[in-house]
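Take a look at the chain below. We will walk through it one piece at a time.

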Amino acid sequence: MKKITLFLLGTLMGASSFAQITTPGNGENYDLSELSTMHPTALSFDGTTYTLSENLTIAVDDTLEITTSESLFIDTDILITVEGALITDAGQGNQKLIIRSTDTLMPADGIRFEEFSVGSIKNTEITYTGGVRVLTADFIIEDCYLAHNVSGASTGAVVSISRGPAVVKNNTFYKNDLPAVGSGANQEVPALIIGNLLDKNSQTNQNRPQINMGPTGADTLRIIDNTIIGDPSLTKVGGIAISNFVGANINTIIENNVIQNNRYGLTIAGPNANALIKGNIIEDNNTQNDPTQGGSGISVNSNTDSQNLVLRENKIRRNLWGITVIGQASVDLGTSNDLGNNLFSENGNNGATYALYNNTALDINALGNCWIETDENADATAIEEVIFHKVDDASLGNVDFSNWSCGILSVDQLALTEVNLYPNPAHDKININNTMNFEVVTFFNVNGQLIKTVALTAGQNQIDLDLPQGLYMLQFRNNNQRMTKKLMVK
């Protein structure tokens, strides 16, 4: 074991009443056992759990690396500050490093990554803390479970990102007080947010969505393959928002997400926005149930005609509004050379159906969409009834909804039913007849916690379960489709 010197810093001057330990800044790697041996009072160990009772700073050039499935409890208001590097990876499967507050009713302050630090957080469970504040661009959080976290080191989101291409991948965010992932209004963050399950976050019920991002700068923000499920009891929480109110730029790809049961599904607000919005399933986003306050599947808003938003192959169902276009915003819902293939169904309020509401003076191309899913043979007269534009108000722009069709999308919906999972209930094995060529199936427990992910092949698959009794949600996905089935294990 290497020799370690830890410096105990008194805090007689300053706002905090806590002492602090700091690694020596000598470019070494440390683990919890070594830190505890050298400073057993500040980082105690009872044989099963480490408890941090003083603020900890990982100095520039130093690394705290935790690669075993241990438990680290952090006392009330205690903060971990990373100036060097924090690396956690407890392995695959059910092996997790657990980081949580000692007292769940009086949480720790959380973890703060400084500007030039390095963060690699994998296979880690972070619960009942003050969240993760990320000021560095060199950051990844992957295969983690984050639940019941509150405002602390991070005030904008459980994982609050300030700059650069941070990666948030394959995590589960469950019932946190704050949004799951966010960035500031005056920060440029082209992050990669991919493959996450976001379930019932923003429990304080403020007007903040589960993914709440600002401008991106010249690079591209990618929000791909996420499942974003709202809490029906929360009336102010949206699904995804990307906003630009500071004269910067938005460049984003929002693709293959499932967004359900939020106040609204997706909104892009502000000028200088370029977006590809493709292959998303956006359903039942109506928890506030007040059409004057929101409830759109997709809403776009700008005070200048400087948006370039391309929408393709989205399925938009049972929201208070389908798509709303406001101010001088503009959308491309399909051209003669590139049909939209978006699908609309039962989006409406106060007895009226609104697939598309053009509340601007700009014309909209919207060729090649399925405007009424329940009526594949709808004619122009029927479609006109679900689109609000120049025909309804002469001051508004016209919507060209020609070349409509539901044929391709209807075949797609039929194919989604052809995943045969048996036996169900199951004991030790299940069989999956994968006629849809799903690439992976992900298992979640009833708390939304990721259990495991299994690669699938086309045709017949058999999976060993090795799971406790209970109800599980199985999420199937490939590049074009996503669906969820329930499995009971007995």
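Start with T88. Beyond its neighbours within four places in sequence, T88 is in contact with I66, L97, S120, I121, K122 and T124. Keep in mind that this is a predicted model. T88 sits in strand β10, which covers residues 85-89. Is T88 buried or exposed? Its relative accessibility is 1%, and buried means under 20%, so T88 counts as buried. One of its contacts deserves a second look. The side chains of T88 and T124 are joined by a polar contact of 2.7 Å. Now pick a residue elsewhere in the chain. A273 lies 185 residues from T88 in sequence. In space, the two are 36 Å apart, C-alpha to C-alpha.

Two other cysteines form a bond. A disulfide is a covalent bond between the sulfur atoms of two cysteines. How many disulfides does the model have? The count comes to 1 disulfide. Its partners are C370 and C406, with their sulfur atoms 1.9 Å apart. That falls within the 2.5 Å cut-off for a disulfide. The pair links distant parts of the chain, 36 residues apart. C370 is in the loop between β42 (364-365) and α2 (380-384). C406 is in the loop between β44 (399-400) and α3 (407-415). Both C370 and C406 are buried. The bond also has a handedness. The torsion about the S-S bond of C370 and C406 is about 90 degrees, so this disulfide is right-handed.

Strand β46, residues 429-434, is joined to β49 by 6 bridges. The two strands run antiparallel. Within this pairing, N433 of the chain stands opposite Q460 in β49.

Another open sheet has 4 strands, in the order β48-β47-β50-β51. Its pairing is antiparallel. The edge strands are β48 (450-455) and β51 (482-489), and each pairs on one side only. From one strand to the next, the twist averages 20 degrees.

Follow β47 through this sheet. It spans residues 440-445 and pairs with β48 in the antiparallel sense over 5 bridges. Two of the residue partners can be traced by eye. V440 has A455 as its bridge partner in β48. F444 has L450 as its bridge partner in β48. β47 also pairs with strand β50, residues 470-477. Here 6 bridges join the two strands, which run antiparallel. V440 turns up again, standing opposite R477 in β50.

How many residues of β47 are buried? The answer is 6 of the 6, so β47 is largely enclosed by the rest of the structure. Both of its faces are covered. On one side, V440, T442 and F444 are buried. On the other, V441, F443 and N445 are buried as well.

Methods
Residues are numbered from 1 along each chain as its sequence is written. This is a predicted model: local features need pLDDT of at least 70, side-chain atom pairs count only at pLDDT 80 or more; totals for chains, interfaces and linings use all residues. Side-chain values use heavy atoms; hydrogens and water are left out. Two strands pair if DSSP finds at least two bridges between them. Axes are lines fitted to C-alpha atoms, for helices over the stretch in contact, and angles run from 0 to 180 degrees between N-to-C directions. Buried means under 20% relative accessible area, exposed over 50%, partly exposed in between (1.4 Å probe, protein chains only). Contact means heavy atoms within 4.5 Å. A polar contact is a pair of N or O atoms within 3.5 Å; within protein, one must be able to donate a hydrogen and the other to accept it, and residues adjacent in sequence count only if both atoms are side-chain atoms.
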